[in-house]
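Hi there,

Here is the structure I promised to pass on. Have a look at it first, and then read my notes below.

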Amino acid sequence: MEANTSLSKPVDTKAVLSCPRITQKAVLVTIRWEIILRDKPSCTRAYRRDTNETRAINCSDETISWDSRPDRNPALQIDPVAITHDGYYRCEVVTTHGHFYHGYHLTALVPPEVTLFQLENGTIVCRAAAGKPAAQISWTPGGDCHTVEESLGNDTVTVQSLCRWKDHRVSNVSCSVSHLTGNRSLSIELNQGVIVLEFPPSTLLIVLYVKFSLFLVILIIVGFIYFQRIKDCSPFFNVQALLTPESPGRDACSPGQNLLIHYTDS
């Protein structure tokens with residue numbers, strides 16, 4: 001008879017793996033734990049009742065041991081759990097009534113380090129670093145977000161979500177990180193002083209072109225008016241007015257009386 005259990009334990013905690021229970025009428029003969037870890041040789045810890053002795057074969061990890069005296073409780077303890085303890089643990093109990101098995105697929109969990117901060121360009125970053133498995137990130141309120149994952153090589157993953165909000169009425173945002181070791185939520189006040197209005201490149205070029213065109217038109221108009229007044233008021237250009245015998249009204253360029261020119265016959 002054999003059963004298997006999937007078990008997840010956070011690192012730096014204690015895990016206790018139990019063997020199958022036997023009936024009171026059955027007489028215990030031997031107990032054997034087979035430990036299969038990734039990239040390591042199989043380890044065996046055994047107890048024999050008739051000689052009341054224990055032995056270990058290829059077992060170098062001192063954090064894996066009997067939980068107490070195997071004749072009273074044959075459970076195996078892992079204290080503390082580490083990433084390297086991912087693997088399969090199988091207990092075999094031999095009695096006068098038969099063989100009994102119970103296996104455990106153990107997965108070590110690593111809680112991520114969660115941080116929330118704002119970049120100089122106004123982007124908000126929520127980071128769940130070195131978690132196992134990868135964490136899930138969500139935002140309140142939702143924005144224009146982009147999430148990336150980076151595997152660190154030791155089965156841990158860093159998840160980073162970058163978010164921006166086009167609605168500048170948003171003043172406070174929250175980042176929620178979901179993980180098997182527990183959930184966390186962080187909030188941050190948006191620094192409105194660093195929020196930059198962004199335009200698509202085509203729109204920005206159009207705005208600049210319109211502004212330059214208006215400036216050029218205004219410059220031409222002002223220049224035309226200026227040179228026209230110089231032309232009207234300069235004696236070099238107003239020769240006809242000087243040769244006119246009598247000018248009705250005031251001259252536009254002089255506040256004094258009109259200049260009258262009389263001719264005498266010789």
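A quick definition before the notes: a polar contact is a pair of N or O atoms within 3.5 Å, and within protein one of them must be able to donate a hydrogen and the other to accept it. Keep in mind, too, that this is a predicted model.

With that in hand, take Ser174. Its side chain and that of Ser187 are joined by a polar contact of 2.8 Å. Ser174 sits in strand β15, which covers residues 172–178. Buried means under 20% relative accessible area, so Ser174, at 17%, counts as buried. Setting aside residues up to four places away in sequence, Ser174 touches Ser138, Trp139, Thr140, Ser185, Leu186 and Ser187.

Now for His85. You'll find it in the loop between β7 (76–78) and β8 (87–95). His85 counts as buried because its relative accessibility is 2%. The His85 side chain makes a polar contact of 2.8 Å with the side chain of Asp61. Apart from neighbours within four places in sequence, the residues in contact with His85 are Leu37, Asp61, Thr63, Ile64, Ile78, Pro80 and Leu106.

Last, a word on confidence. The protein averages a pLDDT of 84, and 79% of the residues score at least 70. Over residues 193–200, though, the pLDDT is below 50, and the model gives this stretch 10 contacts beyond near neighbours in sequence. Residues 255–266 also stay under 50, with 19 contacts beyond four places in sequence. Where pLDDT is low, the predicted coordinates should not be read in detail.

Cheers

Conventions
Residues are numbered from 1 along each chain as its sequence is written. This is a predicted model: local features need pLDDT of at least 70, side-chain atom pairs count only at pLDDT 80 or more; totals for chains, interfaces and linings use all residues. Side-chain values use heavy atoms; hydrogens and water are left out. pLDDT is the predictor's confidence in each residue, from 0 to 100. Contact means heavy atoms within 4.5 Å. Helices (H or I, at least four residues) and strands (E, at least two) are DSSP runs, numbered from the N terminus. Buried means under 20% relative accessible area, exposed over 50%, partly exposed in between (1.4 Å probe, protein chains only).
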